[in-house]
Amino acid sequence: MKPTTNSDFEKIFSNLAKMGNTIQSAKNTFELLRELNPETTDLQCDILVSEIHKIQYQSNTNSYFYFYFPIISHILYCKPQYEKELLKYLISPNFANGTSQVNEMILIIKEAIKFKLNENEFYLTRESQFWVEDELYKLEKEIQREIDICQKELDE
């Protein structure tokens with residue numbers, strides 16, 4: 001797989017970069033994401049995850065999902081061990097839209113990639129696309145955990 005180029009990266013994360021003009025955590029996320037690779041230290045990744053949590057993107061569930069999808073999938077490609085901290089950004093908005101079965105959740109996420117890439121070829125990095133196609137389905141237990149957390153929060 002050919003890695004995403006710098007110019008493609010700029011196009012893919014242009015909305016995050018624009019948001020960084022007014023929200024410091026978005027700017028920090030963009031810069032840390034640019035440097036992310038499988039050799040990135042845990043400390044750098046912890047800072048990246050912390051910055052993502054600080055963004056607190058406010059919108060409807062679909063916009064929320066589509067905003068975080070390229071970011072989260074790119075990180076999980078490079079650093080799959082961060083799924084516990086990040087997978088919720090992909091699961092919770094789809095749960096809020098009525099998806100509560102693991103297989104259905106995976107299908108919706110895979111369909112989202114097709115929809116968005118048809119709309120904009122620079123929606124996801126090549127790494128993100130690989131992660132969705134080749135790694136997401138391996139996370140059934142983790143996706144169920146996130147669905148259970150969402151259900152528990154709804155019941156409270």
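Visitor: Is the crossing of H5 and H7 left-handed or right-handed?

Guide: A crossing is left-handed if the near helix is turned anticlockwise from the far one by less than a right angle, and right-handed if clockwise. H5 and H7 cross in the left-handed sense. Helices here are DSSP runs of H or I, at least four residues, numbered from the N terminus. This is a predicted model, where local features need pLDDT of at least 70, side-chain atom pairs count only at pLDDT 80 or more, and totals for chains, interfaces and linings use all residues. Residues are numbered from 1 along each chain as its sequence is written, and side-chain values use heavy atoms, with hydrogens and water left out.

Visitor: At what angle do H5 and H7 pack?

Guide: Axes are lines fitted to C-alpha atoms, for helices over the stretch in contact, and angles run from 0 to 180 degrees between N-to-C directions. For H5 (residues 61-78) and H7 the angle is about 160°, with the axes 8 Å apart. H5 and H7 are therefore roughly antiparallel (over 145 degrees).

Visitor: Which residues of H5 meet H7?

Guide: Contact means heavy atoms within 4.5 Å. Thr61, Tyr64, Phe65, Tyr68, Phe69 and Ile72 of H5 meet residues of H7 including Tyr89, Leu90 and Pro93.

Visitor: How do H7 and H10 cross?

Guide: The axes of H7 (residues 88-96) and H10 (residues 140-155) come within 9 Å and cross at roughly 50°. The crossing is right-handed.

How values were computed: Helices (H or I, at least four residues) and strands (E, at least two) are DSSP runs, numbered from the N terminus. Angles under 35 degrees count as roughly parallel, over 145 as roughly antiparallel, 65 to 115 as roughly perpendicular and the rest as oblique.
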